[in-house]
Amino acid sequence: MPGKAQGRLPTTTVSPARLRMCQPTQRPTYRTGEWIVTPWGRCRVIGRFGQRHQDLLDAFLWHAEKARQIEDGGIEILVDPAKVRKTMSDARHSLSGLQKLIRELREVTLEIETPKLMIMGGLVDHVVKSPVTRPDPMNGGERHLWRVRIGLALAELLRNDLPLHYDPTPITRLQTGISQAIVRHIFSHSSQPNGGWDLDNLIRSVCGELDSTMIRHRRRELRIDAAGMEAIGIFIDGERIVRRDSKPCSTRP
């Protein structure tokens with residue numbers, strides 16, 4: 001999935017996927033701050049933060065029309081909610097559904113430690129109606145854009161972590177959270193192992209240690225999304241996962 005930077009902000013950065021900040025499911029449970037340790041560092045999350053929440057963050061940043069730094073270190077962006085909803089699976093997410101995700105994102109607190117980063121803070125501070133409008137083809141009137149205040153933790157990642165630029169829409173179309181998590185993990189790497197990734201090891205990389213029964217369940221969920229992953233350029237090849245597109249996303253504009 002070739003990536004082209006849209007606007008001045010990346011879609012995401014490499015650390016969220018590498019540190020397993022986001023649960024590999026579309027139905028996340030509430031986490032209470034246990035440390036997750038990976039080869040790239042460690043993080044802990046208080047709150048409910050799953051793949052649909054990451055979809056929304058990616059959509060906000062991909063569709064950011066303007067961005068400005070805030071004195072407290074946050075970032076405020078201007079987005080069109082209609083474009084965000086379209087990215088979130090052809091507007092199948094109702095306004096109330098987006099608002100629920102936003103409320104849960106506002107409650108998330110992160111703590112991240114890597115060799116280069118030490119971050120504590122939130123993801124989204126608030127979303128408010130902007131006076132800026134666009135024509136609304138549904139009713140012939142005008143619709144208001146949104147001002148989204150990015151929290152300090154995410155703002156620090158955007159400023160100091162390795163950025164990734166890609167259209168998140170194909171990832172939001174995947175049906176299972178494990179598939180989304182694995183694609184995001186693969187996108188955080190500029191190269192792949194010879195012959196691709198070992199399937200079970202890759203599942204453990206995004207889920208942590210699992211027993212054999214849970215591994216089988218995750219394999220079955222992955223195969224549900226085989227066609228969607230192939231459209232992105234990622235193929236399940238027996239016991240391996242292979243990225244056929246050598247440059248699925250850009251690390252810079």
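How many bridges link strand 12 and strand 14, and in which sense do the two strands pair? There are two bridges, and the pairing between strand 12 and strand 14 (residues 240–243) is antiparallel. This is a predicted model, where local features need pLDDT of at least 70 and side-chain atom pairs count only at pLDDT 80 or more, while totals for chains, interfaces and linings use all residues. Residues are numbered from 1 along each chain as its sequence is written, and side-chain values use heavy atoms, leaving out hydrogens and water.

**The sheet**

- Strands here are DSSP runs of E with at least two residues, numbered from the N terminus, and two of them pair if DSSP finds at least two bridges between them.
- Three strands make up an open, antiparallel sheet, and their order is 12-14-13.
- At the edges sit strand 12 (197–198) and strand 13 (234–237), each pairing on one side only.
- Looking across from D198, you'll find R240 in strand 14.

- The protein chain splits into domain 1 (12–164) and domain 2 (174–243), with bounds from an automatic or database domain assignment.
- Taken over C-alpha atoms, the centres of domain 1 and domain 2 are 23 Å apart.
- Contact (heavy atoms within 4.5 Å) involves 14 residues of domain 1 and 16 residues of domain 2.
- The size of an interface is often quoted as the accessible area lost when the parts come together.
- Buried area is counted that way here, with a 1.4 Å probe and summed over both parts; for domain 1 and domain 2 it comes to about 1,200 Å², with carbon and sulfur atoms giving 46%.
- On the domain 1 side, R20, P24 and Q51 supply 41% of the area buried against domain 2, more than any other three residues.
- Two salt bridges turn up across the interface of domain 1 and domain 2, going by a side-chain nitrogen of Lys or Arg within 4 Å of a carboxyl oxygen of Asp or Glu.
- D55 and R184 also meet through their side chains in a salt bridge, at 2.7 Å from N to O.

**Cysteines**

- With a disulfide taken as two cysteine sulfur atoms within 2.5 Å, the count is zero.
- C43 has 0% relative accessibility, so it counts as buried (under 20% relative accessible area; exposed is over 50%, partly exposed in between, with a 1.4 Å probe and protein chains only).
- C207 counts as buried because its relative accessibility is 18%.

Conventions:
Helices (H or I, at least four residues) and strands (E, at least two) are DSSP runs, numbered from the N terminus. Buried area is the accessible area (1.4 Å probe) that two parts lose on being put together, summed over both.
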